[in-house]
Amino acid sequence: MKILSALLLALGGLMCTAAPLCAAQKRLVLIDQDGSGPGGSNQMAMLALLQAPQVEVLGITMVTGNAWRDEETQHTLRMLELTGHTQIPVARGAVFPLVRTQEETRLRAALVGKVTWLGAWGEGPTTLKENGSTVTPVTPPNLRVHGPYEIPPLPEGEPKLKPIDEDAVHFLIRQVRAHPRQVTIYAAGPLTNIALAISIDPEFASLTQGLVVMGGSLSPQTDDPEFATSPRHEFNFWFDPEATHIALRAAWPRVDVTTVDVSIKAPFTQRMLDEIARSSSPTARYIAAWSRDRYYLWDELTACAWLDPSIITKESVIYMDVDLSRGPTYGDTLTWTEELKPATGVRQVHAQLDLDLPKFQQMFVELMKR
């Protein structure tokens with residue numbers, strides 16, 4: 001009996017020793033996303049991380065951006081149901097930007113000009129029309145604009161899942177504190193939730209492994225009217241400039257930014273959709289049913305570049321911030337070299353500029369087919 005007890009004790013010790021090693025094999029990530037849907041870039045990007053076998057998603061936090069927070073939450077909960085990821089907690093975050101308002105933006109348009117995409121505040125999304133090897137932007141009729149707390153009927157069906165009671169900001173802080181220096185923050189919408197977490201807990205950023213952002217624009221080479229005449233404009237930074245400013249200046253161990261420059265080189269093509277649709281996996285069925293628009297794979301590239309950094313073939317290590325002047329360029333991306341940076345606490349980021357497109361496309365398709 002004593003021998004059996006000793007063996008069990010030794011086995012328990014081995015299991016305890018092995019447990020951290022097993023846990024360390026999975027990379028931890030918190031998803032902060034503006035989850036418009038059904039389908040589309042926001043939902044497919046979350047699925048890239050959810051489908052990755054080497055990743056544990058600790059939770060999803062929602063922020064207003066491409067759509068209002070509450071509508072996004074419902075789309076995301078339904079996506080989790082349809083794709084078999086129902087164990088993932090979803091927390092609701094900020095409904096409004098820190099300073100910028102919808103009405104102010106409307107009034108300013110008469111003075112400084114309009115922007116192509118207003119997200120929750122306005123026009124419907126731009127899609128891509130394929131003509132042989134050429135992909136050109138096409139703007140469909142506007143989606144119906146509605147108030148922040150109105151949730152239109154979901155075409156994919158209403159979810160039975162519910163968001164957790166804890167708000168997104170405190171959920172983010174709690175998870176980072178529970179896994180110090182182990183969690184990457186993936187932020188592919190406006191950075192409002194991230195800025196609030198930093199403001200509440202000044203150690204929040206330094207206790208992570210780093211921040212991965214879809215945002216910012218430097219000098220994209222494109223005829224797309226959204227960027228051709230406003231090369232420093234990008235929606236996520238523009239929608240909440242003050243939050244972007246706070247987030248970019250925090251003490252992250254590392255910041256990786258998927259810029260417009262590289263995103264517009266990664267379209268979602270009909271060939272990719274057709275290949276995904278041949279799979280019978282729940283995720284592939286969801287995408288085949290609901291990801292009907294052909295546009296750039298903004299957020300998906302951000303997720304996949306974190307999963308496999310070799311996808312990115314060119315980057316620039318620069319100092320980055322956002323224009324808070326409240327003039328015509330309010331919300332535009334600002335960058336400097338080491339020699340020219342201001343003495344105001346700006347920090348370095350790894351700004352992605354080019355990619356191995358075939359490798360990325362294959363990786364994304366395979367993740368969706370798993």
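Tutor: Two strands pair if DSSP finds at least two bridges between them. Strands (E, at least two residues) and helices (H or I, at least four) are DSSP runs, numbered from the N terminus. This is a predicted model, where local features need pLDDT of at least 70, side-chain atom pairs count only at pLDDT 80 or more, and totals for chains, interfaces and linings use all residues. Residues are numbered from 1 along each chain as its sequence is written, and side-chain values use heavy atoms, with hydrogens and water left out.

Student: What is the order of the strands in the open sheet?

Tutor: In general, strands of a sheet pair through backbone hydrogen bonds, either parallel or antiparallel. Here 9 strands make an open sheet with mixed pairing, in the order 3-2-1-6-7-8-11-9-10. Strand 3 (90–92) and strand 10 sit at the edges, each pairing on one side only. From one strand to the next, the twist averages 30°; axes are lines fitted to C-alpha atoms, for helices over the stretch in contact, and angles run from 0 to 180 degrees between N-to-C directions.

Student: Do strand 7 and strand 8 run parallel or antiparallel?

Tutor: They run parallel, and 4 bridges join strand 7 (residues 210–214) to strand 8 (residues 255–258). Take valine 212: its bridge partner in strand 8 is aspartate 256.

Student: Which strands does helix 2 lie across?

Tutor: Contact means heavy atoms within 4.5 Å. Helix 2 lies across strand 1, strand 2 (55–62) and strand 6, and runs at about 170° to strand 1.

Student: Why does arginine 181 count as exposed?

Tutor: Buried means under 20% relative accessible area, exposed over 50%, partly exposed in between (1.4 Å probe, protein chains only). Arginine 181 counts as exposed because its relative accessibility is 52%.

Student: And where does arginine 326 lie?

Tutor: Arginine 326 lies in the loop between strand 9 (312–322) and strand 10 (333–336). Its phi is near 65°, also a positive value, and at 31% relative accessibility arginine 326 counts as partly exposed.
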